Amino acid sequence: METIKEIQEEIIEDFEMFDDWMQKYEFLIDLGKELTPIEEQYKIEDNLIKGCQSRVWLHAEEKNGSIVYSADSDAIMTKGIIAILLRVLSNQKSEDIINADLSFIDEIGLKEQLSATRANGLVSMIKKIKLFALALGKR
Amino acid sequence: MLDISKIRSQFPILSRKVNGQDLVYFDNGATTQKPQAVIDAESNYYANENSNVHRGVHFLSGLATDKFEETRNTIQKFIGAKHNHEIIFTKGTTDAINLVANGFRALLNKGDEVVISEMEHHSNIVPWQMCCEQSGANLKVIPLLENGELDMLTFENLLSENTKLVSVSHISNALGTINPIEEIIKKTHATGAKILIDGAQAASHITLDMQELDADFYCFSAHKMFGPTGVGVLYGKEEILNELPPYQGGGEMIKEVSFSGTTYAELPHKFEAGTPNIAGVIAFKAAIDFINDLGIDQIAKYEEELLQYATSEILKIKGVKIYGTAEHKSGIISFNIEGIHPYDIGVIVDKLGIAIRTGHHCTQPIMERFNIPGTARISLAVYNTKEEIDICINAIIKAKQMLS
């Protein structure tokens with residue numbers, strides 16, 4: 001299994017191929033379209049992430065010692081961003097998720113692509129991902 | 001005819017780049033940009049005039065007070081108020097509505113009714129919810145019609161002898177609807193109730209005459225009319241402001257203070273506790289002068305032309321739906337494209353240098369009414385051009401291509 005660090009490095013390499021923001025956005029849009037949708041039953045208030053302009057649902061469960069996430073959003077760009085986060089953090093051990101240093105976000109320029117309010121949404125997503133890992137890891 | 005390029009040259013921000021592109025600023029409903037004269041007035045105050053108002057006997061205090069009061073007189077004229085002490089300076093429209101709602105909390109009794117509408121900005125909903133909760137009054141809501149106009153028949157049915165106050169917007173910030181406030185004011189007064197008009201979106205677009213309108217309260221914000229942030233106006237009829245209890249206690253608003261009891265100052269000071277935003281108030285005059293120089297009728301005429309053009313161009317994009325198609329509309333276009341979230345459109349056009357607003361525009365009940373998460377909103381000002389509309393339309397088409 002690839003580590004969080006290895007996947008981050010792959011994503012950084014992916015983003016190095018892009019010359020401008022439009023290619024980055026198109027990539028994010030494609031990732032958003034490919035994101036496996038969350039099961040309808042998990043689209044509940046408890047799984048809704050606050051602080052996003054668009055609605056984001058996040059669900060997590062433990063499978064064979066790893067935390068597996070699924071997510072959805074009504075906005076495609078947001079879906080793309082969460083798809084990247086899940087590529088890094090889904091299917092990992094709870095303590096690895098909690099301790100993950102997500103330096104790739106700055107390196108691929110994701111934060112600077114996002115305005116302050118949207119960057120807040122990104123922070124909320126990461127927080128919720130880590131909170132799920134914390135809660136499920138304790139069991 | 002207005003010389004738009006001359007007008008644009010007065011706004012330094014309009015020549016800056018955003019994301020490497022020329023800025024196209026279409027978020028005027030949120031706040032307008034500021035002309036050099038307003039920026040200069042604000043900075044000149046701090047450089048040459050700074051002093052507290054209505055306090056000292058020294059030269060600067062007198063100068064600051066004169067200039068501060070000059071803005072009050074300018075606004076009195078601008079909105080056709082009978083007296084200058086009917087102009088209360090506030091932090092903005094939100095603050096003005098809260099001032100009135102706070103006062104009415106003491107005047108309302110259980111069973112009394114306050115009427116607002118479904119199209120109100122949250123700042124004209126929440127203060128009344130708080131006011132009703134604390135006074136035991138009931139809140140009634142005028143529903144919206146499909147085209148974004150108020151349901152005037154239901155409004156008439158909502159009015160009764162229990163109605164004590166009606167509070168509606170002059171222009172909807174999310175839909176652009178210009179409400180028939182003359183009719184609303186007349187009908188409200190026929191029941192003996194008072195009326196507040198939220199003029200935040202109207203004051204720089206429509207000629208106002210308080211004595212002709214006969215509104216009891218009318219409020220607006222300087223920053224939506226080329227003036228500084230943090231300054232607003234509550235207009236109120238003298239006799240009603242005299243009845244209304246004070247909002248905040250502090251300096252300036254008192255006549256005499258002792259521990260056995262305090263008496264309050266006369267209007268307008270009764271409602272202006274503490275040191276106000278002096279620089280902002282003084283600079284607000286420069287904004288009103290700017291509007292007066294252009295002529296508000298000329299502004300309205302030009303904005304109407306832009307609105308017609310932008311509406312017809314945007315409707316050429318397949319899948320576009322405009323929310324708010326009232327017969328009388330201001331320069332606001334709220335829209336969605338079928339199958340696309342407004343947020344995604346906003347994010348992409350932003351990269352092309354265009355500032356539009358996306359989201360619920362602080363009007364969640366409207367979004368609920370139309371069963372949508374939000375809209376993308378173009379809101380126009382007098383410095384905008386048809387060329388900018390073309391750039392924006394092309395950007396929206398580009399966004400649509402990327403997203404579908």
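How many residues of chain B are in contact with residues of chain A? The count is 11 residues of chain B against 12 residues of chain A. Contact here means that two C-beta atoms, placed from the backbone, lie within 7 Å.

A word on the model. It is predicted: local features need pLDDT of at least 70, side-chain atom pairs count only at pLDDT 80 or more, and totals for chains, interfaces and linings use all residues. Residues are numbered from 1 along each chain as its sequence is written, while chains are lettered from A and ligands numbered from 1 in the order in which they are written.

Back to the interface. On the chain B side, helix H12 (342-351), strand S16 (357-359) and helix H14 (386-403) each supply at least two residues. Helices (H or I, at least four residues) and strands (E, at least two) are DSSP runs, numbered from the N terminus. H12(B) has the largest share, 5 residues. By class, that side of chain B divides into 6 nonpolar, 3 polar and 2 charged. Ala, Val, Leu, Ile, Met, Phe, Trp, Tyr, Cys and Pro count as nonpolar; Asp, Glu, Lys and Arg count as charged; the others, Gly among them, are polar.

Next, chain B itself. The assignment gives domain 1 (4-33 + 294-399) and domain 2 (39-292). These bounds come from an automatic or database domain assignment. Taken over C-alpha atoms, the two domain centres are separated by 27 Å. Across the boundary, 27 residues of domain 1 of chain B are in contact with 27 residues of domain 2 of chain B. On the domain 1 side, helix H11 (296-314), strand S14 (332-337) and helix H13 (364-370) of chain B give two or more residues. H11(B) gives the most, with 5 residues. That side has 11 nonpolar, 11 polar and 5 charged residues.

Now the core. The largest nonpolar core has 149 residues. Such a core is a set of buried Ala, Val, Leu, Ile, Met, Phe, Trp, Tyr and Cys residues joined through C-beta atoms within 7 Å. Buried means 20 or more other C-beta atoms within 10 Å of a residue's own, exposed means 12 or fewer, and partly exposed is in between; C-beta atoms are placed from the backbone. Val233(B), Tyr235(B), Ala287(B) and Val349(B) have the most contacts inside the core. Helix H10 (residues 278-294) of chain B brings the largest share, 11 residues. Both domains of chain B take part, with at least three residues from each.

Beyond four places in sequence, Tyr235(B) touches several residues, including Ile79(B), Ile87(B), Met210(B) and Phe217(B). Ile87(B) sits in strand S4 (residues 87-90) of chain B. Ile87(B) is buried, because 23 other C-beta atoms lie within 10 Å. Among the partners of Ile87(B) are Val233(B), Tyr235(B) and Pro268(B).

Contrast Cys362(B), in the loop between S16 and H13 of chain B. Cys362(B) is partly exposed, because the count is 17 other C-beta atoms within 10 Å. Cys362(B) and His121(B) are 241 residues apart in sequence, yet 5.6 Å apart in space, C-alpha to C-alpha. Leaving aside neighbours within four places, Cys362(B) is in contact with His121(B) and His122(B).

Last, chain A. The axes of helix H2 (residues 21-34) and helix H3 (residues 76-89) of chain A come within 7 Å and cross at roughly 80°. Axes are lines fitted to C-alpha atoms, for helices over the stretch in contact, and angles run from 0 to 180 degrees between N-to-C directions. H2(A) and H3(A) are therefore roughly perpendicular to each other; the label covers 65 to 115 degrees, with under 35 roughly parallel, over 145 roughly antiparallel and the rest oblique. The residues of this contact divide into 8 nonpolar, 2 polar and 3 charged.
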